[in-house]
Every structure is written in C-alpha cells, then in structure tokens.
Amino acid sequence: MVPMNKGMYLKNLEMARKALVEKLQTSIGADDAPEEMEQETSESGLMRPRIRPENIERTPDQEEGMGLAMMRSFQKPKPRPEGTDMKSFAIKLKDSESSGKSDAQIKLDDGRKMTGSYQFSDARLKDFMKSEGMEFSTETFKRKPKLQEKVFEWHMKDIDSTIDKLDKSATMSRDGLRAVAHLGGKTGMKKFFKTKGKYNPADKFGTKLSDYYNKFK
C-alpha cells in the first residue's frame, strides 16, 4: 500500500465531505438541507461563524432595507409654512407696540386713541364690534386682555384674507405684510405690495411701512 501524503489526504477528505452533503441534499431536498458554514477568511473577523442574514434580529428600519433607512435619516424636515406661527408673531407685535402692556394707551394729536397690547385704534375696534355684534367701551377694552386677544385674532384673519387675494407669484413675507397692514391698514398694505415698497408713508411717530415690513419679515 502506497502511503498517502498529507495534501492528498486532505483533498480526498474534502471530496468525501462534499459527496456526503450532495447525497443528503438529494435525499431530503435541497431547501431543507443544512446550509454549509462559509469558510473563514481573513475578512471574517474574530474567527467566529458568520451569522445568516435571515437570523439577524432586525429593527423596523432594517426590515425596509438599510438604504431606505439611511435615506430617511438624512431627509430634511418639512419646512414650516411661513406665517403660520401666529403666537410668535403676536408676542413680537405686542412687544413692539406696547412692551406687552395690556393697559397701554396713547392719544394722538388729532384726538384718536390707540389702546391695549396691540395698540388698536378706536376705528378698528368699531370695525370689530360691527363684525361680531358686540359693544364695549375703550376703557373696558383696556382692562380685558382676553378681549384684546379676541380682537387680535379677528384682526389677523381679516388681514390674512386680504393677503391671500394678492398676486401669489410675488415673493414677499406674509408676516412682513401683516405688520404693514397693522400699521398702515389693509389698503396701505395693498399699495405697498403693488408698488414693491415704493408706497411707503410714515405714521405720526415717523415709522415707515418699510420699517415694519423689515422688522417682522
């Protein structure tokens, strides 16, 4: 008997192993046969058997595929439509008009009064009372912060409805236009918009429409 060298022995052993696996696959079905463990390579890591992908416990994102999960992680959040945060606009306007003082009141040279946190004129308060079927005095309005907020909400809805009718192709800040309308009225705001800021009168204190636009835009 011719002695078998080590290389030939290992080769024959591998051939016998493969033959046995093929026989098992034929007898019990290829789908049910145990899968061969991949041969270790230098890239395998710490010489531990590789885990089959279907046995890995996956998170919902991984179930969708790592590519999709990664794309979602880098998606930019949808920008908030400009002008929708009325609360922050209201705070900024109150601070500008009265430093947030609900009982603030000034009297102009022509006798008109500006009252409350938002400094509403008597004429604007009359517009609100006519629209909402309410009656109250300027002094009552000054003492009731909740009423002032109610008038402000109505006031801004009225202004927004006018802004919504303007040319949609023009790129001007909604909050800026709201501030212009608060200072110069809806008609003044429309003129400011149509002339792209060239119509720019100032109030009794020298504040121009453009000053308010730039402050709130």
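1. Which residues of α4 and α8 meet? Met86, Phe89, Leu93 and Glu97 in α4 meet Asp175, Arg178, Ala179 and His182 in α8. Contact here means heavy atoms within 4.5 Å. By class, this contact has four nonpolar, one polar and three charged residues. Ala, Val, Leu, Ile, Met, Phe, Trp, Tyr, Cys and Pro count as nonpolar, Asp, Glu, Lys and Arg as charged, and the others, Gly among them, as polar.

2. A word on the source. This is a predicted model, in which local features need pLDDT of at least 70 and side-chain atom pairs count only at pLDDT 80 or more, while totals for chains, interfaces and linings use all residues. Residues are numbered from 1 along each chain as its sequence is written, and side-chain values use heavy atoms, with hydrogens and water left out.

3. Helix α4 spans residues 86–98 and helix α8 residues 174–194. Helices (H or I, at least four residues) and strands (E, at least two) are DSSP runs, numbered from the N terminus. The α4 and α8 axes come within 12 Å and cross at roughly 40°. Axes are lines fitted to C-alpha atoms, for helices over the stretch in contact, and angles run from 0 to 180 degrees between N-to-C directions. The two helices are therefore oblique to each other. Angles under 35 degrees count as roughly parallel, over 145 as roughly antiparallel, 65 to 115 as roughly perpendicular and the rest as oblique.

4. Next, α5 (residues 122–132) and α7. Their axes come within 11 Å and cross at roughly 85°. These helices are therefore roughly perpendicular to each other. From α5, the contact uses Arg124, Leu125, Asp127, Phe128, Ser131 and Glu132. From α7 come Leu147, Lys150, Val151, Trp154, His155 and Asp158. The contact residues divide into five nonpolar, two polar and five charged.

5. Now the sheet. Three strands form an open sheet in the order β1-β2-β3, with antiparallel pairing. Two strands pair if DSSP finds at least two bridges between them. The edge strands, β1 (105–107) and β3 (120–121), each pair on one side only. β1 and β2 (residues 113–115) pair over three bridges. Met114 in β2 is the bridge partner of Ile106.

6. Last, the rings. The structure holds nine aromatic pairs. Tyr118 and Phe152 have ring centres 4.2 Å apart and planes at 10°, so this pair is stacked. Rings of Phe, Tyr and Trp (its six-membered ring) pair if their centres lie within 6.5 Å; planes under 30 degrees apart count as stacked, over 60 as edge-to-face and the rest as tilted. Tyr118 lies in the loop between β2 and β3 and Phe152 in α7, so the pair ties together parts that are 34 residues apart in sequence.
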